[in-house]
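Here are my notes on this one, in numbered points. Have the structure open while you go through them.

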Amino acid sequence: MVQQSTMEEQFMAEPITDRAELKEMSVGGKEGAKIPAQMELYIMGLQARICKALSEVGETEFKVDRWIRDPNKLDGKPGGGGITCITQGGAIFEKAGVNISVVHGHLSAQAVQQMKSRGKELFGDNVPFTAMGISSVIHPVNPFVPTIHFNYRYFQVTQPDGSLLWWFGGGTDLTPTYLNREDATHFHNTLKTACDTHDESYYPKFKKWCDEYFHIKHRGESRGLGGIFFDDMDYIPAEDALAFIKTCGDAIIPCYVPLVSQHKGEEYSESEEQWRLLRRGRYVEFNLVYDRGTKFGLYTENARIESILMSLPLTARWEYMNQPGEKEEELLEVLRNPIEWATT
């Protein structure tokens, strides 16, 4: 169910921040309030648009779960919340989730250490933060429909002297079970076009970053065919960074939904389904061992564990010394040796 917003936008549920407050801050908020308000409004609308597109192509409906962090576990202080939209066990999507979160509080010692390891200059032991973003993983049933993941986020920290430290990050990437070169080219071309709208250096830089980030070190292979990934975008004005986030978010439906439409009805064998489960196992390995977002969520006080682990598939498989066939080896070759897919 999509709820009509009075701000000329359709949302899946009521925003986490009060509507009137959001509207006021988005047009005339003080420093540290305007950009977060604009980001929250954008991800609310994007969530609704993506859920609508996936509902249509997947012949399903999303369950909407609006949740608020328990103030009783946060020294009586409100900590924000989120909206989880999930569908699982369907004919087209085994599991598909599109989440937003808008949370604030104080960074845990583990989270501070993780950020310092990335070069963030954080001061003090009880650092206030605001974080918001949209994240999604779509795990299809058919092995010939690829999995997609995307995440776009904004993070803001208030230093002891009152100064703000902020940055944007995110990305979109594709993880197929079987290699389809036309799908990969379409996906990457769409993302490159989005990047080129802002800066032609973005796509090659963020594509390389994506290949490196989603590398499963203990397997010696990438999780999928990549896409774009970036973090710590604080080197351009916040308004420009938010505009880039919006362009990337708007590219999600055209880069992915046509692939679902094209392949969802294709026939597949039991052995192809088993290979899909093995590749889902690799997905689980990366998310639990390496993914920074998962780690940050698990380190956050009073975290929403069900939403953090939404990215995991319903089913996966680990088989001792599996011997892939010719079609499977074709995929493994490009996972071990990433190539350039964009042609535009």
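1. The protein chain has 11 helices and 11 strands, taken as DSSP runs (helices H or I, at least four residues; strands E, at least two) and numbered from the N terminus. This is a predicted model, with local features needing pLDDT of at least 70, side-chain atom pairs counting only at pLDDT 80 or more, and totals for chains, interfaces and linings using all residues. Residues are numbered from 1 along each chain as its sequence is written, and side-chain values use heavy atoms, with hydrogens and water left out.

2. Of the 344 residues, 54% count as buried (under 20% relative accessible area; exposed is over 50%, partly exposed in between; 1.4 Å probe, protein chains only). Take the contacts (heavy atoms within 4.5 Å) with a separation of 6 or more: 71% of them come from residues 24 or more positions apart.

3. S136 is worth a look. This residue sits in strand β6 (residues 128-140) and is buried, because its relative accessible area is 1%.

4. Y299 belongs to helix α9 (residues 292-299). With a relative accessible area of 34%, Y299 is partly exposed.
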